[in-house]
Amino acid sequence: MGGVDLEDHKNKRELFGIIGHPVKYSLSPAMHNAAFKALGINAEYKLMDISPDDPEELANFCYETDLNHIGGFSVTMPYKNQIMEYCDHYDPLAKMVSSVNTVNVEDSQLIGYNTDAMGAAAALQEKTEIKDKKVLLLGAGGAAKAIAYALREFNAEVFIYNRTLEKAEALAEELKLETIDLDAIGGADFDIIVNATSVGMKPNIEETILRSEQIPQHAVVMDIITSPLKTQLLKEAEEAGAEIVTGERMLLHQAAGQFEIWFKQDAPIQVMEGALYAELEKRVD
Ligand code: NAP
C-alpha cells in the first residue's frame with residue numbers, strides 16, 4: 001500500500017498514527033507513544049505518509065484500516081477535509097467546521113472528530129479567560145474555522161481578518177461573527193489575538209501580519225504555528241509587552257483530546273507534555 005509502512009500489524013499490536021503529507025516532522029508520535037507506554041497500552045503510533053500524487057492511496061488506507069489493525073488515526077494537512085469523504089459518520093463539531101483531525105475506528109466504521117477547536121481553547125485558557133473577551137482571529141482556513149467555532153462557544157466577541165476577504169466574510173457570516181480590515185486592527189484594543197494562518201512558518205520566519213504597534217500591551221497573543229515556536233508575530237507581541245502562547249500548547253491539548261476519543265479515558269497529559277518538550281529539545285529551530 002503506497003508509502004505507508006504498516007509492518008507492525010503482523011504482531012496484532014493495535015496501530016495508531018498520523019496521516020498527511022509530509023508527516024516526517026510530526027511531534028504526535030512522541031506524545032502518543034509516551035502515553036501508551038505510561039498506561040501500558042499495547043499499541044504503537046506511527047507516521048503514515050500518504051502521497052497526494054496518488055489519488056488511490058488515501059482511499060486504500062481508509063478501506064484497509066481493519067486489515068491493518070488500525071484503531072484510529074490523526075489527520076493533518078492536506079487531508080483534514082478530504083478524509084470526510086471516507087468517514088461513515090462524524091461528530092457535529094467536525095461537520096460544522098468541515099475538518100476532521102481525528103478518526104476513530106469503531107466496529108469497522110470510520111468516525112471523524114475535530115479536537116483542534118478544544119485544543120486551541122485549552123491552550124488559551126492556560127493564560128486567559130475567553131468568555132466575553134474581544135478576540136482577533138487571523139485566518140479563515142481549516143484551523144481558523146475550528147478556532148472561531150471554539151471562541152464563539154465561549155461567547156467571545158470575535159473579529160476575523162484574512163488575506164482573502166471573501167473567505168473571512170463567509171466564515172463570519174456562517175458563525176455570526178465580524179470581520180475587520182488590517183488598517184483598523186491597531187485601534188481596536190483586542191484582549192486576545194490568535195494567528196491561525198501559516199504566515200511566519202518556516203522558511204518564511206520573518207513574516208508577520210501584525211507589528212508590535214498594533215498589539216495592545218494587555219493582550220494575550222497565541223500563534224498556532226509550531227515551526228518555529230517563537231514566530232515573528234510572537235516576537236512583536238513580546239516587544240509590545242503582551243503575553244504569548246506558542247503553538248505546541250494547542251498541539252498538546254488537541255493530542256490529549258485524540259487520546260480520550262480513542263481510549264475513552266483521561267489522557268496522561270503530563271506524560272505527553274514531557275515527551276513533547278523532550279522531542280522539541282532534540283530539534284534545532
Ligand atoms: P489552511 O486551511 O491552508 O489555511 C491557511 C490560512 O493561512 C488561510 O487563512 C490563508 O489565507 C492564510 N495564508 C497563507 N499564506 C498566507 C500569506 N502569505 N499571507 C496571508 N495569509 C496567508 O491551513 P490550516 O490547516 O488552517 O493551518 C494553518 C496553520 O495552522 C498552519 O501553520 C498549521 O501548521 C497550523 N496548525 C497548528 C495546529 C496546532 O495544533 N498547533 C493545528 C492545526 C493547524 P487565504 O485564505 O487568503 O489563502
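The following questions and answers describe a predicted model.

Biologist: What are the ground rules for numbering and for values in this predicted model?
Modeller: Residues are numbered from 1 along each chain as its sequence is written, and side-chain values use heavy atoms, with hydrogens and water left out. In this predicted model, local features need pLDDT of at least 70 and side-chain atom pairs count only at pLDDT 80 or more, while totals for chains, interfaces and linings use all residues.

Biologist: Why is helix α4 largely enclosed by the rest of the structure?
Modeller: Helices (H or I, at least four residues) and strands (E, at least two) are DSSP runs, numbered from the N terminus. Buried means under 20% relative accessible area, exposed over 50%, and partly exposed in between (1.4 Å probe, protein chains only). Helix α4 covers residues 116-125, and it is largely enclosed because 8 of its 10 residues are buried.

Biologist: Which elements do the buried residues of α4 pack against?
Modeller: The buried residues include Asp116, Gly119 and Leu124. Contact means heavy atoms within 4.5 Å. The packing partners are α3 (92-97), α5 (142-153), β10 (192-195), β11 (220-223), β12 (243-245) and α9 (247-263).

Biologist: Where does the largest pocket lie?
Modeller: On a 1 Å grid over the protein atoms alone, a pocket is an open set of points where a 1.4 Å probe fits, with protein on both sides within 12 Å along at least five of seven lines; lining residues have an atom within 4 Å of a point. Domain bounds come from an automatic or database domain assignment. Both domains give residues to the lining, so the largest pocket lies between domain 1 (6-114 + 250-282) and domain 2 (118-245).

Biologist: Which residues are the closest to the centre of the largest pocket?
Modeller: The largest pocket has a volume of about 1,500 Å³, a volume being the space filled by probe spheres set on grid points joined across faces, edges and corners. Its lining has 44 residues, and the closest to the centre are Thr76, Met77, Met201, Ile224 and Thr226.

Biologist: Which element gives the largest share of that lining?
Modeller: The elements that give two or more residues are β3 (70-75), α5 and α9. The largest share, 5 residues, comes from α9.

Biologist: Which strands are the edge strands of the open sheet of 6 strands?
Modeller: Two strands pair if DSSP finds at least two bridges between them. The order is β2-β1-β3-β5-β6-β4, with mixed pairing. Pairing on one side only, the edge strands are β2 (43-49) and β4 (89-90).
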